[in-house]
Each structure stands twice: as C-alpha cells, then as structure tokens.
Amino acid sequence: MKVLASFLIVLTLLSCSKKDENIVTVYVSEDQVFSEPLLRDFEKETGIVVKAIYDSEESKGTGVMNRLIAEKKNPQADVYWANEPIRAEVLKSKDILEPYTSKNAKDIPSVFKEKNNYWTGFSARVRVFVADSNLKQKPSSILDYTNPIYRGKATIANPLFGTTTVHIAALFTLWGDEKAKEFMQKLKENHVTISSSNGESADFVASKNSEFALVDSDDAMSRLKNKKDITIIYPDQKDDEIGAFVVPNTLMLIKGAKHAKNGKILIDYLLSRESEKKLAFADCAQIPLHDGVKLPKGLKKISDIKVMLVDYEKVAKKLLEIEPFLKEW
Amino acid sequence: MFKKILFFILILSLSLISFLPLLSMLISTFSDGNLIDIFDSTSLLKSFQKSLFFSLFVASLTTVTGVALGLVLAKTKLPYSKLFATLLTIPLLIPPYIVALGWFELVGRSELLFGFFGTFLVHFCIYLPIPLLLTILFLKQIDPKYENAARVMSSWSRVLREITLPLIYPSIILSFLFVFILSFGEYSVANFFRYKLFSLESFVEFSAFYDFKSATALSLPLVIAAVVLLLSQQYFLEKNRFKFDSTYEIEYIDLGVYKKYLLLFLILFTTFILSPILTLFIKALDADTFLTALKSSYEPLFRSLSYSFLGATFLTVFGFLSAYMIEQNIFKIGYIFESSLIALFALPSTIIGISLILFFNTPYTNFIYTTPLIIIFGYICKYLALSTKIAQIKLAHIPNSMSEAATILGASWWHSFRYITFGLSKKTLVTVWLIAFIFTLRENTITMLVYPAGLDTLPIYIVTQMANGKSETIAALSVIMIVASLMPLAFLTKGKS
C-alpha cells in the first residue's frame with residue numbers, strides 16, 4: 001500500500017504540468033554548450049521561460065528536425081534555431097515555417113536571409129582547414145583533398161551528416177554533378193579518412209593522426225583555445241577560387257506555434273548585435289553577420305573573408321538529389 | 001468474469017500504448033508500394049548478413065562466457081564472488097555510447113578499435129551481465145539432490161555437463177535471445193566506431209534523409225529475425241521445461257589448487273571490462289569539474305530517477321499480467337501476444353519514438369504527449385518484453401495444482417491469483433522492477449525523440465553535452481550516471497544475499 005501511494009504521488013507530480021503561458025518552446029540544433037547560456041540570458045532579461053530541446057552529436061543535428069517534421073500537424077515548438085540554413089529550407093519545403101521579418105534582420109546581408117523571410121541567418125561558422133602547424137606545405141584549397149602529396153593524410157567528416165553534407169551539396173551546385181562526383185571519387189582514391197564528426201576531425205589533426213581536415217570554424221577555434229598545435233586556414237581565398245563556404249545559424253518561426261508572440265521576441269533577441277557578440281566571444285567563436293560587432297582576437301570579420309556565393313535554396317534541393325549518391329559513396 | 005475484464009483492459013491498454021501506434025506506422029509505411037525497392041540493394045543485403053553474423057557471434061561468445069562466469073561465481077566459494085558479479089554488471093547499466101567513449105578515451109584513435117573489434121568489444125562488455133545474472137538466478141532453482149545423486153557416481157565436470165547445464169537451459173536460451181536482439185538493434189556503438197551494420201542503415205534513413213517510411217521498412221528484418229529466434233526458443237523450451245518448487249542452497253564445487261589462479265583471472269578480467277569506466281572516473285577526478293557537472297545535471301538526474309521509478313512500476317505490473325496471460329493462454333492469444341512483445345523489443349527505438357509522436361501528438365492527447373507520460377509509454381513499448389519474459393520464467397515454475405487446489409476449496413480466481421500466484425512471485429517481481437529500472441534509466445533514443453521540452457533526462461543531457469562539451473565534464477556526467485545506475489544494483493545484490 002505504501003508503494004502504491006508513493007507511486008501515485010510520483011505519477012501525480014509528474015503528470016501535472018505547470019500552466020504557464022509566458023513561455024516559449026525552442027528546438028535547438030546549435031550545440032547546447034553554446035546556445036543554452038544565451039537562452040538563459042534571454043530568460044533573465046525578458047522573464048519569458050524558455051523550454052528547449054537540444055540536439056545531440058549522435059543524431060548529427062537531425063533529431064529535432066525529424067521531430068519538427070513528425071509534429072507538423074500539431075506543432076509543439078514555437079521557434080527552431082538551426083545551425084545551418086539547409087534544414088531551414090527542408091522545413092520550408094514541407095510547409096512547417098511561418099515567415100517573420102525581424103526588426104534586427106535588416107542589416108544582415110541578403111545572401112544570409114531567405115527572400116520571403118522564412119528564415120534569417122546569424123552568427124556564422126566558416127568551413128576552414130585545421131592543419132598541423134608544423135606542416136611544411138599547408139593546404140589552401142578544397143581540391144588539396146585530391147592532391148597526391150596528402151594521400152592518406154587528410155580527414156573529412158562523414159558526408160552523410162551535418163555541415164559536411166551541406167558543403168558537399170554546395171560544391172555540387174557550383175561545379176556541376178560531373179566534376180563534383182569526380183572530386184568525391186578522387187577523395188576515396190586519395191585515401192581520405194572519414195571521421196564521425198567535425199569535432200573528431202579536429203581532434204585527429206590536434207593529435208597528429210592527420211595532417212589537415214575540413215571542419216567548422218568553431219571546432220577549429222575551440223582546439224586553438226585549448227592550445228592544440230594547429231593552425232587555421234581559410235580555403236580558396238584567391239581571386240580565381242571559389243571562396244570559403246559560410247554556414248550561418250538560422251532562426252525560423254514555426255507555423256501554428258502556440259506562443260508565436262514570444263517566439264518573435266526570442267528571434268529578435270537572438271538576431272541582435274549583442275547576441276552575436278556573445279556567440280563571437282564564446283568558445284564557439286561564431287562570426288557575426290552584422291557589421292561593427294566587436295570580435296575577439298583571431299576571429300576574422302565576414303567582410304574580410306572571400307565567401308562562396310551560393311543560393312542556399314538550390315543547395316537544399318541539390319542535397320536531396322545527391323542523397324542516394326552520398327549513401328552509396 | 002473479473003479475470004476476463006482485467007485481461008481485456010490489459011490488452012486494450014497495451015494496444016493503445018504500443019501496438020496501435022506501431023501498427024498505424026506500419027500500415028502507412030507499406031501502403032507505399034515503392035518501398036520494396038529499398039531492399040533491392042546488394043550492399044543492403046551484405047549489411048544484413050554482416051549484422052546477422054555479428055550479432056550471432058556476440059550472442060554466442062557472450063552467452064558462453066557469461067554462463068561460465070555465472071557457474072564460477074555462483075557454484076564455487078571463491079572470495080568476493082558477489083563483488084565480481086556486481087562489478088561485471090556495471091557496463092550493462094550505462095548507455096552503450098558512454099562505454100564506447102570510455103574505450104576511446106583509454107585507447108585513443110586506433111585502427112583496432114574503429115571497426116569490428118571495437119564494436120564487438122563494447123557489445124561484449126555491455127551484454128555479458130545478461131547471461132551472467134540469468135545463470136546465477138537459474139542455478140538457485142536447482143534442487144541439489146539431483147547433483148548430489150549424480151556426484152555419487154561422477155566427477156563435477158560430468159555433473160555440470162549432464163545435470164546442471166541441461167537444467168539451466170532456459171536461462172542459456174533466453175540470454176542468447178536477449179543478447180542477439182539487443183546487439184542486432186544497437187546502432188550507437190557501430191555509429192561511434194564507424195562499423196557499418198544493418199541497424200545503422202535504418203538510422204541513416206531516419207536521420208539523414210527524414211524518411212520515416214524507409215526507416216520503418218528497413219527495421220523489419222530486425223523484427224523478423226527476433227521473432228524467428230523467439231519461435232525457436234519456444235519450440236526448444238517446450239521439450240525441456242522443468243518445474244521446481246522454490247529456491248535452494250547451491251551445491252558448491254571445491255576448486256582446490258585452482259582457486260588462486262581463477263581468482264587472479266577474475267581480477268584481470270574484471271579490470272579489463274571496467275577499464276573504460278575507470279578511465280572516465282580518472283578523467284572526472286577534479287572536484288571543481290565534478291561539482292559543476294553535478295550542479296548542472298541534478299535536475300535531469302532527478303527526472304531520470306522519477307521517470308524510471310514510474311516506468312519500472314508500470315513495466316512490472318504490465319509484465320506480470322502479460323506473463324500470466326501468456327502462460328495461461330487467456331483468450332487463446334498467448335503466442336501472438338508474446339511474438340508482438342518481442343517484435344516491439346526488436347524494433348529500433350527511433351521507429352518506436354516516431355510512431356509515438358505520430359499517434360499521440362494530437363490536440364486531444366496533449367495530456368499524454370506534453371507530459372512525461374509519453375516517455376513512460378516509450379519505456380513500455382521497448383521493455384515490456386523484458387519484464388514479461390522474466391516474470392514468465394517464475395510463473396512457469398509455479399505448479400497449476402496449487403491454484404486448482406485453492407479453487408476446489410472455494411477460493412475465487414482473484415484470491416488464488418493474489419495470494420498464490422502473486423504471493424509466490426513477489427521476490428521475482430522485485431527483481432523485475434529493479435531490472436526494468438536499470439534499463440529505463442539508461443534509455444535515451446526514444447526519450448530523445450519524445451521528451452517534452454525542458455524535461456530532459458540525464459542520458460539525454462549527457463548526449464547533448466557531448467557536442468563540444470569539455471571531455472572532463474562529459475566524464476564527470478558519465479560518472480554521475482554510473483553512480484545513479486549502481487543504486488538499484490546494490491539493492492539487487494543485497495536481495496540476493
């Protein structure tokens with residue numbers, strides 16, 4: 001009887017959900033260690049309680065995506081904070097998003113915003129090389145993955161997941177299918193190691209198990225801050241080269257959100273210069289897309305980087321097209 | 001009448017919680033005829049064969065080792081045998097990816113670890129306790145008079161071979177079945193060590209391509225393999241079922257001169273199995289790091305313990321009733337019901353999670369979907385087979401004649417069920433509850449998909465922190481998880497003593 005009573009008490013406690021309308025539910029694909037402090041600051045400053053669901057390294061940023069898609073008919077999230085724009089395009093194509101023009105979005109370059117305001121980019125990562133600082137001939141272009149001098153000495157994260165997939169899809173849109181497939185084939189022939197994540201790739205280089213790897217700038221900066229013996233290289237910066245691929249975080253309002261008003265307040269907050277500054281100075285070292293935001297030492301301004309000019313909508317469509325190829329590869 | 005109403009309610013509840021969500025997902029999946037093309041792939045077939053052989057290999061080696069260790073720890077007077085059993089059980093309590101992480105921290109990036117060997121090593125470590133504990137449990141069911149009689153004429157080796165092992169065959173078969181199913185459906189370790197297994201294919205369809213239907217279709221071979229094994233187990237056990245009245249004092253084997261060598265072997269073996277966990281402990285030794293980790297994780301920890309408490313209770317009640325229904329073949333659906341539970345157990349957790357979302361995420365069922373109840377439902381879907389099977393083992397040992405005698409004396413079915421069936425099963429049900437608690441505590445895949453915002457559990461918290469979190473913090477959180485998981489284990493071993 002005591003056990004039954006305890007059980008019923010626990011059941012009651014757990015089943016009761018505090019009715020609190022001053023909340024916002026946000027699904028977050030940006031790493032929790034970086035996003036949570038910002039969301040806590042939002043809570044303190046606005047008094048709006050944030051209920052968050054974070055993604056895991058294991059699901060590679062797709063756990064909350066699948067949840068958003070499965071919940072389409074009865075959405076639970078108000079806002080989705082994605083760590084790249086392609087997931088935003090996928091959700092847009094599935095009619096899960098509501099357009100919203102934030103007052104803090106007007107100074108963000110249009111290339112980092114969806115033309116009908118379904119999503120807005122902010123605080124970007126750049127796809128960079130981390131390389132062994134003792135390397136005599138350092139890579140300078142993504143094509144160096146196919147350079148025989150680096151045979152068996154380079155690493156790339158699994159192209160089925162995360163920002164690597166997006167980067168590959170971007171190359172497909174720029175180069176065309178034939179050249180891109182040839183590049184992928186040469187990657188294999190050059191014995192490039194496939195790691196499970198960008199973080200692991202960066203660790204391989206830091207531990208001298210690999211000479212260079214293509215990673216996100218936040219992975220590179222965090223290893224640099226931990227005093228690993230690596231150097232950061234922005235690839236393809238020459239005039240006749242394609243530029244570095246930029247991956248902005250993106251914010252979007254969910255269609256049918258139960259707390260749309262609070263969702264908009266959260267989006268405005270995250271798109272502010274102050275939020276971008278916080279993310280720049282955090283370990284993730286993400287590059288602000290607003291001009292005039294103070295940066296930590298070692299971080300380049302977006303205007304100082306030759307950016308790969310792509311249409312993210314086209315990249316998203318291409319990603320879906322090349323999925324079977326990537327899976328076979 | 002009351003009996004029929006009770007079990008009708010049971011079937012209805014379980015249908016709503018688990019069968020209907022999965023069934024609606026399956027119907028939706030196969031209404032699309034193009035799914036047959038998914039299986040028309042040579043690489044997929046190879047992946048399936050590879051997974052089949054891998055899991056059979058894991059199940060075989062784990063069962064042989066576990067049974068041997070169970071015999072050594074239970075049937076000899078080796079010092080610290082309970083301690084060894086407890087220590088060897090630890091890897092089972094921890095989410096598999098944490099054990100994989102521990103090996104990675106210990107060994108580093110090694111060609112040996114990344115691939116077949118690393119994946120096999122983790123599977124072996126985490127599933128070894130299943131045959132070990134089931135063997136110890138079943139050895140207590142053997143009446144020593146059979147072994148004593150045989151000992152008059154034969155040596156211990158022959159007695160073990162021809163009396164003891166045949167009497168504990170149900171535990172050996174059950175161990176093999178559970179380890180096979182768990183190993184076949186486990187993808188996080190294969191994902192970590194980049195070893196391409198069939199379970200990973202289903203995960204990739206789901207994760208990389210948001211294709212629920214293909215992911216569901218790809219998971220069906222897992223289910224079919226599990227159900228085939230179950231039917232084989234049923235057939236085998238029907239011919240070899242022995243019934244006993246109660247637990248007995250185990251007859252010990254005198255090890256003589258081999259005692260010290262066996263002790264040394266056990267020390268080395270246990271150290272080897274626990275070395276990845278010890279590595280995480282060492283990494284988390286900094287007090288500041290540990291306290292910071294504890295401060296940030298106490299809420300998810302509390303939620304984990306609460307949800308597991310509730311989940312284990314539901315699993316014990318449902319498991320016991322389900323076991324009774326199967327054993328007594330109420331409504332004549334014993335086989336179908338049992339096969340359905342095993343099928344649920346074998347299904348990848350990602351499929352279960354999505355089916356629960358699709359079924360329960362409606363305005364009318366928000367009271368389930370937006371509360372921890374949805375997590376409890378996930379536990380029931382995944383682990384009901386486990387609690388049912390363990391309860392079934394006990395129920396099979398309770399002779400029907402006892403209930404029949406009570407009925408003849410005028411007792412109602414309910415009185416007979418409550419005071420005889422339930423009365424004799426109490427100790428087993430405590431074990432069922434503790435095992436259910438352990439498994440639900442470490443669960444993260446279904447929880448990751450269905451937990452209401454802001455109500456994450458400790459395994460979820462650890463997994464989300466792994467993305468760019470400091471390795472010392474991850475190690476400290478893993479240690480907290482391990483310690484939380486050891487609490488029910490302490491009760492389990494105390495109960496056994």
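This is a predicted model: local features need pLDDT of at least 70, side-chain atom pairs count only at pLDDT 80 or more; totals for chains, interfaces and linings use all residues.
Me: How many of the 12 residues of α5(B) are buried?

Reply: Residues are numbered from 1 along each chain as its sequence is written, with chains lettered from A and ligands numbered from 1 in the order in which they are written. Helices (H or I, at least four residues) and strands (E, at least two) are DSSP runs numbered from the N terminus, and a residue is buried under 20% relative accessible area, exposed over 50% and partly exposed in between, with a 1.4 Å probe and protein chains only. Helix α5(B) is largely enclosed by the rest of the structure, because its buried residues number 10 of the 12.

Me: What distance does helix α5 of chain B reach from its first C-alpha to its last?

Reply: The helix covers residues 116–127 of chain B, and its buried residues include Phe120(B), His123(B) and Tyr127(B). The expected span of a helix is 1.5 Å times one less than its number of residues. For the 12 residues of α5 in chain B, the reach is close to that expectation, at 16 Å.

Me: How far apart in space are Ile168(B) and His123(B), C-alpha to C-alpha?

Reply: Ile168(B) is found in the loop between α8 (156–167) and α9 (169–185) of chain B, and its relative accessible area of 0% makes it buried. Contact means heavy atoms within 4.5 Å; leaving aside neighbours within four places in sequence, Ile168(B) has contacts that include Val67(B), Phe138(B) and Ile142(B). Ile168(B) and His123(B) are 45 residues apart in sequence, and their C-alpha atoms are separated in space by 24 Å.

Me: Is Asn190(A) buried or exposed?

Reply: Asn190(A) is found in the loop between α6 (177–189) and β7 (193–195) of chain A. Leaving aside neighbours within four places in sequence, Asn190(A) is in contact with residues among them Tyr145(A), Pro148(A) and Arg151(A). Its relative accessible area is 5%, and Asn190(A) is therefore buried.

Me: What kind of aromatic pair do the rings of Phe104(B) and Phe114(B) form?

Reply: Rings of Phe, Tyr and Trp (its six-membered ring) pair if their centres lie within 6.5 Å, and planes under 30 degrees apart count as stacked, over 60 as edge-to-face and the rest as tilted; by this rule there are 40 aromatic pairs over all chains. Phe104(B) lies in helix α4 (residues 96–107) of chain B and Phe114(B) in the loop between α4 and α5, so the pair ties together parts that are 10 residues apart in sequence. The ring centres are 5.8 Å apart and the planes stand at 85°, so the pair is edge-to-face.

Me: Over which ring does the charged end of Arg67(A) sit?

Reply: A charge sits over a ring if NZ of Lys or CZ of Arg is within 6 Å of the ring centre and within 35 degrees of the ring normal. In chain B, the charged end of Lys382(B) sits over the ring of Phe345(B), 5.8 Å from its centre. The charged end of Arg67(A) is 5.3 Å from the centre of a ring in chain B, that of Tyr451(B).

Me: How many residues apart in the chain are Asp177(A) and Lys318(A)?

Reply: A salt bridge is a side-chain nitrogen of Lys or Arg within 4 Å of a carboxyl oxygen of Asp or Glu, and Asp177(A) forms one with Lys318(A), the closest N and O atoms being 2.9 Å apart. This pair links distant parts of the chain, from Asp177(A) in helix α6 to Lys318(A) in helix α11 (residues 312–328) of chain A. At 32% relative accessibility Asp177(A) counts as partly exposed, whereas Lys318(A), at 13%, counts as buried.

Me: With which residue does Glu114(A) form a salt bridge?

Reply: Glu114(A) belongs to a network of salt bridges that also includes Glu89(A), Lys115(A) and Glu313(A). The closest N and O atoms of the salt bridge formed by Glu114(A) are 2.9 Å apart, and its partner is Lys92(A).

Methods:
Side-chain values use heavy atoms; hydrogens and water are left out.
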